[in-house]
Amino acid sequence: PVLWTTRRRFALTPLLYALIFAHACVLMLGGHYSYARVPLGEWLREMFAFERNHYDRIGHFMQGFVPAIAARELLLRHTGLSRADSRGGWLFAVVTAVALAVSALYELLEWGAAVALGAGADEFLATQGDVWDTQKDMAMAWIGAMLAQALLARWHDRQLAALNLPR
């Protein structure tokens, strides 16, 4: 609803709207089943003989992938950073840092929820006994942020140009 009501005053690129929708679907599916029990993750576990359901890794990948494009769009539209800065790596570095900050904030919220839930924390966190779950989640977000920029930057640039934004 927020995106719908703000679309005229602050239109986003079609790419970003699509990514937000895809991320929302991943989150809703995980919330519906519990991340450790999503059927897609079970299918992947059986297919690749994984020891656990890795659906939460898909969620954390998206947690880097989507915020990276959102951060890129906001930085290009509202700061002194430009597409020219991407050649020197500054835009890429700042976008990656923002996506990792989003992921770190989420991990801190998970930790707070785990403390509050006590015995029910493992089900909520979907760590499935993996002591390195938090670090692996952050790594997935980092990979997602870098891949989003590497794969989508040119397409994103074309869509930003098509918005005809004032400079």
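Helices here are DSSP runs of H or I, at least four residues long, numbered from the N terminus. Axes are lines fitted to C-alpha atoms over the stretch in contact, and angles run from 0 to 180 degrees between N-to-C directions.

Ground rules next. This is a predicted model, where local features need pLDDT of at least 70, side-chain atom pairs count only at pLDDT 80 or more, and totals for chains, interfaces and linings use all residues. Residues are numbered from 1 along each chain as its sequence is written, and side-chain values use heavy atoms, with hydrogens and water left out.

Start with α4, residues 55-78, and α6, residues 90-117. Their axes sit 8 Å apart, at an angle of about 130 degrees. Who makes the contact (heavy atoms within 4.5 Å)? On α4, the residues include His60, Pro67 and Leu76. On α6, Leu91, Tyr106 and Glu110 are among them.

Last, charges over rings: NZ of Lys or CZ of Arg within 6 Å of the ring centre and within 35 degrees of the ring normal. Arginine 7 lies over the face of tryptophan 4, 3.7 Å from the ring centre. Arginine 77 lies over phenylalanine 10, at 4.1 Å.

Terms used:
Helices (H or I, at least four residues) and strands (E, at least two) are DSSP runs, numbered from the N terminus. Contact means heavy atoms within 4.5 Å.
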